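Here are my notebook entries for today, written up for anyone who likes to check cut-offs as they read. Let's open the model and start where the chains meet.

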Amino acid sequence: MKKECIAMLLAGGQGSRLYALTANVAKPNLPFGGKYRIIDFPLSNCANSGIDTVGVLTQYRPMKLNAYLGTGQPWDLSADDGGVFILPPYMSAGEKGNWFSGTANAIYQNIDFIDVRDPEYVLILSGDHIYKMDYADMLREHKERGAACTIAVIQVGMEEAKRFGIMNIGADGYINEFEEKPVHPKSDTASMGIYIFTWSKLRQALIEDEADPDSQRDFGKNIIPKLLAAGEKLWPYRFQGYWRDVGTIASLWDANMDMLSQDLDLYDQSWPIMSRSPIRPPHVIGPEAAVRHSIVTEGCVVDGTVFNSVLSNQVTVEKGAHVEYSVLMPGAVVEAGAEVRFAILGENVRVCAGAHVGTAPDGTESWGVATCGPDVTVGPGALVAPGAMLYDDLVATT
Amino acid sequence: MRNDLHGIIYTLHSETALRELVEHRNSASIPFGGRYRLIDFALSAMVNAGIRDVGVIMERDYQSLLDHLSNGADWGLARRSGGLRLLPPFGLPDAHSGHFSGCMEALRSVRSYIQDDIPQGADIVLCAADWAGNIDLNRAVELHRRTGAEITAVCSEGYGDFAHHRLVVDDDGFARRLVFSEGGPGPGLFSREIYIIKRDLLLELMDYCSDSDHSHFHRDALAHYLAEGGRIAVCEHNQYARRITSVRDYFDASMELIQPQVMAELFPADGLPIRTKERAEASTYYSDTAVVRSSLVADGCYIEGELDSCILFRGVRVAKGAKLKNCVLMQDTVVEAGAELRCVIADKDCVVTENCFLAGSERLPLVIPKGEKV
């Protein structure tokens, strides 16, 4: 069936800079902002933008992500003529087949999937960004400008520019140069890793790139420069609003804190972010609890104090426990008298009575957000230092 | 796995003592417990027992019930074979006036559904939808099958302070005597009005009631069955469950939810889930000025004021300086800055404006009808 525009969501990355948090799950499946998982943001943007066909390219530890996506029904993406399609690497006749060797190669290996839908345009998305964007507006500009590729860009400030892929823009408004993480950036117009391609142009570019033995099969490093070199029109779609890449512990923690200050309005019913929620009752705030400047989700039970923190579903904070400036993922338990400060607790982490995780910034080099990987138990009275990354259970040293 | 078990929920006329709560809806769709409608408890009990076909008999004021149930997907009942069947009056050839004088008459109006869509030899779980509880029907089904009973009843110790029926259980575990109580204690056990009944027997009892111009399930059908020498297996359920028949009941039941024991019985962490209609909501946000204690709060709320012993449904907003004690605020209700509420039940989409002071009492809670601005 013919589609004007379909989306391909790159969700195969390991998220290695999140260490213990992504040791067993793909990054897009990480809980975020209380109720959500990171992939909810691009999926909801698709649904809200009227894009009803989304191919999700998975590779690293996809089991939980696959289960989470299901039929796509929670995002209203389970229509008969569209839907969410999980696209893992696969084998072909003659035992030919390969892992996805790069972002461009992942799409290349799924050319058949796209051809069946016969779209005019293909939207390429990442599974690790927190933002709200109307892709329909981006597509409108893409068509108006007659571009082969439109790249969403955002001003990041000259200080930050060297961490990004920077787009230099000519007098005609089109992109005339792309520099990946430049040492001396000429501008602060950074690529957000969100592309709309005219499918015929992208299809051609992917096939040519596959034939190039020196290519890293990457959109930013290979496909975009090649289109520029070939004289194709590349248009920058200027995005204003909240956008964060949550690829590191610090950025994941920061972005969660941003949700507390409503930097991204999650209560706006005209652009809802949708998610698959476990079936749990409302959360319970106990008689001696105190909760301030915090996000709390259904299924939580709070009897202690919670300040400046984000609690996903089914988190328990027992009486006398204290949580501040922290992100608690689903099922985390903070027992009586335990303290959690400036920390991220993965799913089902248990901080036993009297244990301490993290501390407030103290100005030292070693300070950082303390992180406990999923299913870790911090034993009674144990101490997790600021900046620590805990993969395994910890027992108090005497 | 197929288990030849089917469900029928009847949502007939609502008790008048529910007043404003049933002005725009049937008692089956009264919002309860922060994110549920009463019918969720009956539906979840059925789904949790592996039932995949549920018929819902509707009589009147069922628009909100239709909105809530939709195609049954949120209960896993949007299915090709079976699934949720909505049975409005006038919907089947057997229907007549659209007003049912009792459960048996309502069943008669859906006779073709029972006869054609529920296979011979199957069992039917039959219940109303005006109660809250987490009832494990698996136990009752197991008893029903093990004893070979034609009818199994779910009963509790204790009593209701409303008219109800009681079953007197003999030493062999079967009840052969049915007692009507005007309210208060009585002999035997308190019937939860949840029955497992053989489909073929139900059809026979429907015929009997039709021929003799009777319409009540207990007074007519069950009494006849027992008089003819029948016996009813009884499965005791003594966990939390209660019927909601008046505004006061509703208020009391809501306030009970704040007790951890009640929450644990109704929503056990690792037990059977109560399912409901999903909504796209963010988590709830508490601001720097929020002061909250002893409250039950659903997702999507935005709290800047003070809450003490309150139940908040999805999407409620409580502005800075607002003070609420012993209140139930239903979906998307807004309480503006400085307002003070005590013992108030605010229905859906209400607005309590700035500095407004409203107080009911625990015996007579104040109800703000749906959509009102105070």
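**Entry 1: the interface.** I looked up the contact (heavy atoms within 4.5 Å) and found that 36 residues of chain B and 31 residues of chain A take part. This is a predicted model, so I kept the ground rules at hand: local features need pLDDT of at least 70, side-chain atom pairs count only at pLDDT 80 or more, and totals for chains, interfaces and linings use all residues. Residues are numbered from 1 along each chain as its sequence is written, chains are lettered from A and ligands numbered from 1 in the order in which they are written, and side-chain values use heavy atoms, with hydrogens and water left out.

Next I took the buried area, meaning the accessible area (1.4 Å probe) that two parts lose on being put together, summed over both. Chains B and A bury about 2,800 Å² between them, with 49% of it on carbon and sulfur atoms. I noted that S283(B), Y285(B) and Y286(B) supply 20% of the area that chain B buries against chain A, more than any other three residues.

**Entry 2: strands across the interface.** I checked the pairing (DSSP must find at least two bridges between two strands; strands are DSSP runs of E, at least two residues, and helices runs of H or I, at least four, numbered from the N terminus). Strand 16 (residues 294-296) of chain A pairs with strand 14 of chain B in the antiparallel sense, over 3 bridges. Y286(B) turns up again here, as the bridge partner of S294(A).

**Entry 3: salt bridges.** My rule was a side-chain nitrogen of Lys or Arg within 4 Å of a carboxyl oxygen of Asp or Glu. It gives 46 salt bridges over all chains, and 2 across the interface of chain B and chain A. I also looked at E298(A) and R35(B), which form a salt bridge with their closest N and O atoms 3.1 Å apart.

The partners sit 228 residues apart, E15(B) in the loop between strands 1 and 2 and R243(B) in strand 13. E15(B) is partly exposed at 33% relative accessible area, while R243(B) is buried at 16% (buried is under 20%, exposed over 50%, partly exposed in between; 1.4 Å probe, protein chains only).

**Entry 4: a covered helix.** I ended on helix 8 (residues 247-256) of chain B, where 7 of the 10 residues are buried. Among them are Y250(B), F251(B) and M255(B). Strand 13 of chain B is included in what covers the buried residues.
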